[in-house]
Each structure stands twice: as structure tokens, then as C-alpha cells.
Amino acid sequence: MNKTVSNKHEKRMFMKSVWEHYLTKEIGIEFKACLYFFCILFFYSVYRLVNGMGTAEILHMAEMIGLTYIIGYIQVYLLSDFDEAEYLGGKELFYILLCTSVYTGASHLCRWFDRNMPAELGFAVYILIVYFCAFLVYKSKRKIDEKLLNSDLKAFQERKKNGEHY
């Protein structure tokens, strides 16, 4: 009887762990989609304003957000979450160029920038910069998180050493 209870508990803990892992990935994808959509929408809005248009096309925005979700899933599940890598190696640079090409190709096909080649090339350079900035932000976040975790661990060890209970 005791073994059955233990197995059920272990199975429940395993399922909880799987769910938490999945949820963490989904939150990361959601964050990426929002981040990259905002960046794309910013460039698009500036392009529209510079060209004397004070409105944005809802269809374009739907295409942009849809694409950022698709690429977010691809980044996380197929491309090793390259924008959150420890360092930028050849593989990560290739993935950045690949995703930048997809975004730029979509901008051309969907006429986000009216097939204006200088604007599309500027968009490609902008997306490259966005990816490098995202890489630096994620790297900084990891360093800060590591520092905070080490600080928390040290404080916990001190409390444990002093006999405090939680």
C-alpha cells in the first residue's frame, strides 16, 4: 500500500514538473512574441509616419503578430532558443540571419513597406540589431539572476547555520 501511494506521488510530481517545464516555455514564447512584435511594429510605424501615413494596416499588424508567434515557437523548439544562448557562435549567428531573412521576406511578400527596397533593407538591419540587443538583454538578465540566486543561497545558508527554521 505504501509503495502505491509513493508511486502515485512520484507520478504526480513528475506530471507537475512536465507541466511547469511546458508552461515556462510557453511564457518564454509569449514574451518573445510580444518583444519582437513591438520592435517590428515600431519600425513599421516610423516608416508609415515618415511617408506621411498616420494610420497602420490592421492586416499588417495581424501578419506581424502571427509571424512573431510562429518564429517564437520555431526559436524555442527547433533553433535552441538561440537569442538566449550563452554566447554567439556560428550556429546562433546562422539562426539570427535565418529569422531575419524570414521576417524580411514576410515584409516583402505582405507589403509592410510597400516593397520599398531601401526600407526593407533597413528593416533587415534593424531586425539584426534587435536580435543582438535581445541576446545582450538575456545575457545580462542571466548574470543578474545568478547574482541574486547566489545571494539568496548565501543568506539561506547563514540562517540555517544560525539554526533558523522555515
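This is a predicted model: local features need pLDDT of at least 70, side-chain atom pairs count only at pLDDT 80 or more; totals for chains, interfaces and linings use all residues.
Residues are numbered from 1 along each chain as its sequence is written, and local features need pLDDT of at least 70, while side-chain atom pairs count only at pLDDT 80 or more. Totals for chains, interfaces and linings use all residues, and side-chain values use heavy atoms, with hydrogens and water left out.

**Stop 1: the core.** Select Y103, W112, F113, F123 and Y131. Of the 28 residues in the largest nonpolar core, these touch the most other members. A nonpolar core is a set of buried Ala, Val, Leu, Ile, Met, Phe, Trp, Tyr and Cys residues joined through side-chain atoms within 4.5 Å; buried means under 20% relative accessible area (1.4 Å probe, protein chains only). Helices α1 (2-50), α2 (58-77), α3 (90-109) and α4 (117-161) each supply at least two residues of this core. A helix here is a DSSP run of H or I, at least four residues, numbered from the N terminus.

**Stop 2: W112.** Leaving aside neighbours within four places in sequence, W112 is in contact with residues including I40, Y44, H60, L67, Y103 and F123. Contact means heavy atoms within 4.5 Å.

**Stop 3: α2 and α3.** Show these two helices. They pack at an angle of about 160 degrees, with their axes 11 Å apart; axes are lines fitted to C-alpha atoms over the stretch in contact, and angles run from 0 to 180 degrees between N-to-C directions. That makes α2 roughly antiparallel to α3 (angles over 145 degrees). Next, select L67, T68, I71 and Q75 in α2, which meet C99, V102, Y103 and A106 in α3.

**Stop 4: K32.** Finally, select K32 in helix α1. K32 is buried, with a relative accessible area of 0%.

Methods:
Buried means under 20% relative accessible area, exposed over 50%, partly exposed in between (1.4 Å probe, protein chains only). Angles under 35 degrees count as roughly parallel, over 145 as roughly antiparallel, 65 to 115 as roughly perpendicular and the rest as oblique.
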